[in-house]
Each structure stands twice: as structure tokens, then as C-alpha cells.
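Here's a quick briefing on one chain. Have a look at the model first, then we'll go through it by topic.

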Amino acid sequence: MKINALANQWEETAKARLTHKDYRLKLPVEDAARIAALAEMYPKRSEEAIISELLSAALDELETSFPYVEGGKVVGEDEVGDPIYEDVGPTPRFLDLSKKYIQKLKENEDEAANS
């Protein structure tokens, strides 16, 4: 999701699967003030929800901003038949590591639920 789409989403109720893991952070004063301003502008959203949704949108944008680095292996063809080469840049590594940690977080949640 793009950051500029968040305001539209905040007008509605957002739903996402949340981890049980807590993250603590200290914000610069200016950022904390902007979060408070957004919470006042969008009273259906808590400050925590705003921070979470901004972080999620920023991570989505970061993922799409990673540079494509052409590898040597052809993985397909485009619409005119030209070869498409594998991406050996940071995107595949980021996606693989994300999957790894999604699995770990799900396993931890399953263990907590079964305890």
C-alpha cells in the first residue's frame, strides 16, 4: 500500500493479522507530534494503529524501491518475447527473509496458543 492511500484507509476500519510481539520505540518529538495530529484528524485510528500502518506502508514502498539487478538466468519472456532475467538484487533476499520471519512468528503464535 502506498503511504498516500493511508488517509483513505483511515476513514474506514483497517484489519490485519497482528503479532503478539511488542515493539518499543522512542520517536523524535516532531514525529510524535505528527502522529498525535493524525490521531486527532482521524479519531477512528489510535496512535499505535497509525504508527503500525505507516510502518507497513513504508515497508511496502521500500520493497518496491529496491533496485532490479539483472542476473544471468532467464525466468520468462515479456509480452513481445524478449527474455526476462532473474532479479539478483536485494528484492529476492528481502522477500525470502520476510517469509522466514513470517514462518517464525506464526510458529511462536501457535506455540503461545497451545500453551
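Predicted model: local features only at pLDDT ≥ 70, side-chain atom pairs only at ≥ 80, totals over all residues.

Which backbone nitrogen lies 3.1 Å from a polar atom of the side chain of Asp 87? The backbone nitrogen of Val 69 does. Residues are numbered from 1 along each chain as its sequence is written, and side-chain values use heavy atoms, leaving out hydrogens and water.

**Confidence**
- The chain's average pLDDT is 89, with 89% of the residues at 70 or higher.
- Confidence is lowest in helix H1 (residues 6–10), with a mean of 68, and highest in helix H2 (residues 29–41), at 97.

**Around Asp 87**
- Asp 87 sits in strand S2 (residues 83–87).
- Leaving aside residues up to four places away in sequence, Asp 87 touches Pro 67, Tyr 68, Val 69 and Pro 92 (heavy atoms within 4.5 Å).
- A polar atom of the Asp 87 side chain also lies 2.8 Å from the backbone nitrogen of Gly 89.

**Helix H3**
- H3 (residues 47–65) has 19 residues and reaches 27 Å from first C-alpha to last, close to the 27 Å expected at 1.5 Å a residue.
- Ile 50, Glu 53 and Ala 57 of H3 are buried (under 20% relative accessible area, with a 1.4 Å probe and protein chains only).
- Seen down the axis, the buried residues of H3 fall within an arc of 75° (taken from the directions from the helix axis to the C-beta atoms), so they line one face.
- Glu 48 and Leu 55 are exposed (over 50%) on the face of H3 turned away from its buried side.

Notes:
pLDDT = per-residue confidence, 0-100. Helix = DSSP H or I, 4+ residues; strand = E, 2+ residues; numbered from the N terminus. Polar contact = N/O pair within 3.5 Å; in protein donor to acceptor, adjacent residues only side chain to side chain. Expected span 1.5 Å × (residues − 1).
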